[in-house]
Each structure stands twice: as structure tokens, then as C-alpha cells.
Amino acid sequence: MNYDKNNFDTPEFRELLKKYEQASAMNMSIYLGIDEFAEILSYYLYQDKTEKAEEVLDMAKALHPTADECIKMEARLLLGNNEPQKAFDLLSKAKYSDSETSILIAESLLGLKNFKAAHDIAISLIEKAQMDDGDIYEALEILLDCGSALEALFICETSLARFPDRRNLLEIKAECFIELQRIDEAIDIYNRLLDENPYSTFYWEQLGHIYYMVKRYGKAIECFEFESTINDEIEYARMMLAYCCYFAGDYKRSAETFQWFAGKYPESVMPRFYIALSLYHQNRPEDALNAFKEIIDIAPEGTIEMMLARINKAMLLDLMGKGNRGDETIAMAIMMHPDNMKQLLLHETHLYELRDKENLTFSDMNILEQKEWTIKEEMYEWGVHLAEHNHLKLALRVFKHIRSMFKDTTEVDAYIAYIIWNTGEKENAMPAIESAVNGKSCLLFKLFGMAYSSNITPEEFYRNALANSK
């Protein structure tokens with residue numbers, strides 16, 4: 001695999017890709033060398049077009065059935081499809097052990113979360129590699145993916161002291177800075193690289209993504225517009241423009257761009273999700289509700305996409321005075337929830353915004369990656385979000401569902417007491433008040449707008465809360 005992503009911008013590669021795509025569009029066979037097929041497959045995987053990459057692999061196998069490179073191409077495709085175990089098993093059966101295979105094995109181990117083994121392979125490759133070898137750069141990428149950004153940065157800086165003009169080392173150094181959230185230093189490197197190569201879509205894309213991750217959406221839009229001007233066929237740039245416009249508040253342009261993706265990829269949930277959100281932000285709640293209903297019709301069951309669509313639908317129904325229907329939708333979201341609900345932790349906005357690896361910001365990642373979150377913690381944050389936006393009856397269903405998951409129910413009961421109290425059933429709040437008071441919950445007092453008192457009895461708390469509400 002060619003490590004240098006800028007290779008995809010060269011006239012030679014663009015001509016090769018054009019020849020292949022013309023032949024493919026006319027269902028004609030085309031004879032290419034195995035390395036050319038490998039390069040095209042790498043390009044499609046870089047663009048997240050795994051179906052097209054699979055077509056390339058099939059053609060390569062037909063023309064070069066005994067080539068070792070076919071095994072590596074298949075492994076790359078399996079990794080692109082998030083099947084690291086299959087890739088590892090395939091590579092383990094191979095009868096050769098060149099450095100490229102070792103890199104692919106390390107990438108498979110990363111997918112299997114065996115970071116130590118992947119790290120050891122990367123270090124071994126770096127120790128053996130010459131500076132002119134592409135292996136060293138891919139091995140440094142593996143170190144980054146292992147979470148060893150400081151180690152990778154040290155190797156880059158040591159090597160740059162000897163070879164200060166090595167562009168690939170500068171690229172890796174910039175990625176190290178991004179991982180370490182040393183943003184200004186990463187931006188400086190990409191600006192330097194763009195001074196030397198102003199038509200590099202890869203550099204504009206990297207710089208745009210940095211600005212996106214620190215929420216400087218105007219600068220990010222400028223970068224992705226430059227990338228699209230250089231090559232308007234790059235869908236990634238168009239997609240990131242749509243995200244940037246949405247988060248910058250240009251909902252009309254964002255929706256128009258996502259509509260293009262929805263038309264081209266009708267089964268994809270992500271563009272439809274942001275069209276629905278854009279409609280909501282344009283004060284069109286009924287249209288947004290219908291858009292979320294359409295998402296629910298196509299989203300796979302048991303996914304975070306389906307769950308967030310149901311939650312947003314329920315909140316919109318509640319806003320429209322259709323709380324009973326919203327409660328039914330929340331019940332379905334609870335019953336069919338996925339195993340991974342970390343996105344419930346990201347609730348800065350009223351309606352939930354669907355996330356994937358491309359549209360996370362640093363602030364998002366700092367929340368998601370700060371610890372191993374449990375299902376009860378994720379659902380607790382969901383209940384908090386609903387309560388904070390005054391969807392009290394929806395929140396009550398969530399808190400009642402998760403109460404049995406907690407050994408100490410104090411904070412859950414604080415919310416249950418608050419919700420029951422504020423939905424007109426004050427006398428029924430007493431059991432939850434008693435649990436929260438006896439559990440020394442400061443949260444209970446905060447929710448009721450009262451000063452904390454460590455020695456108060458549940459009965460005294462009830463009387464004081466009743467007096468405050470008059």
C-alpha cells in the first residue's frame with residue numbers, strides 16, 4: 001500500500017483511476033498489473049468505498065489468481081469492513097512474512113484491541129527499516145493508533161534532526177500533535193506543507209479536519225472548499241462541508257448538501273439524520289418529526305442510529321403535546337437499545353446529534369474516551385438530558401427502568417422525586433425523597449432549589465419543599 005496519500009492527486013494515478021472506472025462503467029475487463037489494482041483498492045478504501053474496493057479485488061483475483069498481493073488486498077478490504085479477526089486469520093495462513101504483511105497483521109491486532117502486540121510489531125519494523133522505506137511511516141501510524149503518540153513524536157523528531165526535509169515525517173509529526181491536542185503546532189506543519197504543495201487535497205483535508213475538531217467551523221469550511229475546488233469528486237470534502245455548515249448554523253446549505261448524499265445513498269441514515277436536525281433548527285418541527293419517522297423505517301434495529309432517532313422523535317412528540325405517544329417511543333428505545341450507547345453522553349443540544357468517527361470533535365472524544373462507560377451510566381445521562389429539557393415524564397420512564405441497575409439508588413431517586421413532584425403528584429414523591437435524603441444526596445437539594453442540610457429528615461424536606469412551592 002502506498003503510504004503517501006498525495007499519490008492519489010498525481011496525474012498518473014488520476015489517469016489510472018479514470019481508465020479503470022471507464023472500463024468498470026461499461027462492464028469491460030481491463031488488464032492492469034497487480035500493483036495498480038492494489039493502488040486503486042487503497043484509494044477506494046481511503047474514500048470509504050468498500051463496495052468499489054471489493055470489485056477491484058474480484059478483478060485482481062481473476063487476472064492474477066496466484067499473486068501474493070491478492071491476499072494483502074483482501075486483508076485490507078476485511079479491515080475496511082471492520083472484520084479484523086478475519087483479516088488476522090487470513091494473514092496468519094500466508095506463507096510469506098514481508099514487512100507489508102507485518103503491518104497488516106499489526107492493523108488487525110489494533111482492530112482486536114491487542115495494542116501491545118501491535119506496538120511490538122511497529123517497534124520491530126522501525127528498528128529494521130531504512131529512512132527511505134515506506135514501512136517506517138506506516139509503523140509510526142501504528143504507534144499512534146496504539147496510543148503511543150509521545151513515543152511516535154520522539155522518533156519523528158529524532159529522525160527529522162537527521163533528515164529535516166522528509167515530508168512524510170512531517171506528516172506523522174503533525175498527526176502526533178493532533179493526537180496530543182497540540183493544535184497550533186499541527187496547523188503550522190500543514191500550512192508549511194501547503195506552501196510547498198498548495199494543490200494537495202490531502203493536506204487541505206487534514207487541515208480542515210483539525211479546524212473542525214476544535215470547532216473552528218468557518219476555517220474548516222474554507223479548507224474543504226479548497227479541497228473541493230481542486231477535485232470536486234472527493235465526497236469526503238463535500239460531507240465535511242455539510243457537517244461544518246450544520247454546526248456553524250447554516251442549516252439550509254447543510255440540508256441541501258446532505259440531501260445530495262441521501263439521494264445517492266438512500267439506505268444511509270447519517271445524511272437523513274442531519275436533514276431532520278436541520279429542519280428542526282429551521283423551526284419546522286412537524287417536518288423534522290416526519291423525517292425522523294422515515295429514519296426509523298430504514299435504520300437497522302439495535303443500533304445507536306435507531307435509538308437516537310426514536311429519542312428525538314419522542315422529544316418532538318412531547319413538545320407537540322403528544323406525550324403519551326412520546327412515552328411509547330421512549331419505551332421502545334429502552335427495550336431495543338444497543339450495547340454501546342456512549343453517544344447518550346453527548347447532549348449539549350436538545351435533540352441528539354448522531355456521531356461517527358468523522359464528525360467527532362475533541363470535546364466529544366474527551367467525554368467518550370475518559371473512561372469505560374457502563375450501560376447504567378449512559379442511560380442515567382440520557383435521563384438527565386430529558387429532565388433538563390423538561391421532558392419529565394419521558395425521563396421518569398428512563399430513571400425507573402435503570403433504578404434496579406444501581407446498588408446505590410440515591411441520585412436516581414433524587415431525579416424520580418423531582419419529576420414526580422413537578423408532574424403534580426407531590427404526595428407520591430415521598431418514598432423517593434426519603435431514599436435520597438437518607439442517602440445524603442446533595443443533588444436532591446439542588447434540583448429542588450434548596451440549601452443542603454445534612455441533618456434534615458425526609459419529612460422536614462417535604463414540608464420545606466411544599467412551603468417553597470407556594
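# Getting to know this predicted model

Student: Which residues of α8 meet N168, L169, I172, E175, C176 and E179 in α10?
Tutor: Contact here means heavy atoms within 4.5 Å. On the α10 side, N168, L169, I172, E175, C176 and E179 take part, and their partners in α8 are Y137, L140, E141 and L144.

Student: How many charged residues does the contact of α8 with α10 have?
Tutor: Ala, Val, Leu, Ile, Met, Phe, Trp, Tyr, Cys and Pro count as nonpolar, Asp, Glu, Lys and Arg as charged, and the others, Gly among them, as polar. By these classes, the contact of α8 with α10 has 6 nonpolar residues and 1 polar residue, and the number of charged ones is 3.

Student: How many helices are in the protein?
Tutor: This is a predicted model, in which local features need pLDDT of at least 70 and side-chain atom pairs count only at pLDDT 80 or more, while totals for chains, interfaces and linings use all residues. Residues are numbered from 1 along each chain as its sequence is written, and side-chain values use heavy atoms, leaving out hydrogens and water. Helices (H or I, at least four residues) and strands (E, at least two) are DSSP runs, numbered from the N terminus. The protein has 0 strands, and its number of helices is 26.

Student: Are α8 and α10 roughly parallel or roughly antiparallel?
Tutor: Axes are lines fitted to C-alpha atoms, for helices over the stretch in contact, and angles run from 0 to 180 degrees between N-to-C directions. The axes of α8 (residues 135-145) and α10 (residues 167-179) come within 10 Å and cross at roughly 5 degrees. Angles under 35 degrees count as roughly parallel, over 145 as roughly antiparallel, 65 to 115 as roughly perpendicular and the rest as oblique. The two helices, α8 and α10, are therefore roughly parallel.

Student: How many residues of α12 are buried?
Tutor: Helix α12 (residues 201-213) reaches 18 Å from its first C-alpha to its last, close to the 18 Å expected at 1.5 Å a residue (the expected span is 1.5 Å times one less than the number of residues). Buried means under 20% relative accessible area, exposed over 50% and partly exposed in between, with a 1.4 Å probe and protein chains only. Helix α12 is largely enclosed by the rest of the structure, because the buried share of its 13 residues is 13.

Student: What is the relative accessible area of E205?
Tutor: E205 sits in helix α12. Leaving aside residues up to four places away in sequence, E205 touches Y46, F224, E227, I234 and Y236. E205 is buried, with a relative accessible area of 9%.

Student: Is K113 buried or exposed?
Tutor: K113 is found in the loop between α6 (99-111) and α7 (115-128). K113 is not a glycine, yet it has a positive phi of about 65 degrees. Most residues other than glycine have a negative phi. With 63% relative accessibility, K113 counts as exposed.
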